[in-house]
Amino acid sequence: MFNPNTRHWSTPAVIAAGVFMSVSGVLMFFGVHDPVTMAHEWIGLAFVAAILFHILTHWRGVKGYFSQRLALGVVAVIALATTSLIVLAATHEGGGMGHKVFATFERAPLTEIAPLLDQSPDALVAKLQSGGFQVAGTSQSIQEIASRNGTRAPELMHLLFD
């Protein structure tokens with residue numbers, strides 16, 4: 001029978017999700033994105049839920065940490081670092097030169113990116129369609145195709161570069 005007492009499962013859930021987030025985050029840092037990114041995002045949401053349940057279950061202990069200077073300092077440093085990284089990424093237009101190149105690539109029509117991939121525009125359409133994506137024509141961009149197919153442009157880029 002289901003036990004509503006989260007003490008039995010909230011800590012193991014936080015540990016398991018934390019281990020997965022750590023491993024997948026390191027993989028992503030070193031350039032392994034497909035299929036890790038999607039799993040990282042979904043497990044990240046589960047991690048948030050597990051953390052909330054863990055905090056609720058252990059509220060008295062958690063509250064005690066916030067009366068300690070060291071614990072408050074650790075939380076403040078991590079919050080400051082996180083905020084700084086988010087602000088830096090937002091003001092840096094989402095990344096460095098590589099990001100700008102791929103963003104330009106994603107906005108260009110297939111007719112313009114086909115020569116860069118040493119393929120014909122029709123071959124790119126065929127490749128995308130064989131991957132299960134609907135493509136109206138060679139004048140569409142990767143962004144447009146991804147949007148109309150309910151996916152993200154990097155997923156299509158991986159398919160085109162394979």
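Tutor: Welcome! In this predicted model, the accessible surface of the chain comes to about 11200 Å², and 68% of that surface belongs to carbon and sulfur atoms.

Student: How many of the residues count as buried?

Tutor: Of the 162 residues in the chain, 25% count as buried.

Student: Which residues have the most contacts inside the largest nonpolar core?

Tutor: Here is the general idea: in soluble globular proteins, nonpolar side chains tend to be buried together. In this structure the largest nonpolar core has 18 residues. Those with the most contacts inside it are Leu 110, Ile 113, Leu 124, Leu 128, Ile 142, Leu 156 and Leu 160. Helix 6, helix 7, helix 8 and helix 9 each give two or more residues to this core, and the largest share, four residues, comes from helix 9.

Student: Which residues of helix 9 are buried?

Tutor: Start with the geometry: an α-helix has 3.6 residues a turn, so residues three or four places apart point the same way. In helix 9, the buried residues are Ala 153, Leu 156, Met 157 and Leu 160. They sit on the same side of helix 9, because they cover an arc of only 105 degrees around the axis.

Student: Is Ile 15 buried or exposed?

Tutor: Ile 15, in helix 1, counts as exposed because its relative accessibility is 52%, and the cut-off for exposed is over 50%. Together with Val 19, Val 23, Leu 27 and Val 32, Ile 15 forms a nonpolar patch on the surface. The accessible area of these residues together is about 410 Å².

Methods
Residues numbered from 1 in each chain as written. Predicted model: local features only at pLDDT ≥ 70, side-chain atom pairs only at ≥ 80, totals over all residues. Heavy atoms only, no water. Patch = residues over 30% accessible without salt bridge, like charges linked within 9 Å, V, L, I, M, F, W, Y side chains within 5 Å. Areas by Shrake-Rupley, 256 points an atom, 1.4 Å probe, with all protein chains shown as cover. Salt bridge = Lys/Arg side-chain N within 4 Å of Asp/Glu carboxyl O. Buried < 20%, exposed > 50% of the residue type's maximum accessible area, 1.4 Å probe, protein only. Arc of directions from axis to C-beta. Core = buried A, V, L, I, M, F, W, Y, C linked by side-chain atoms within 4.5 Å.
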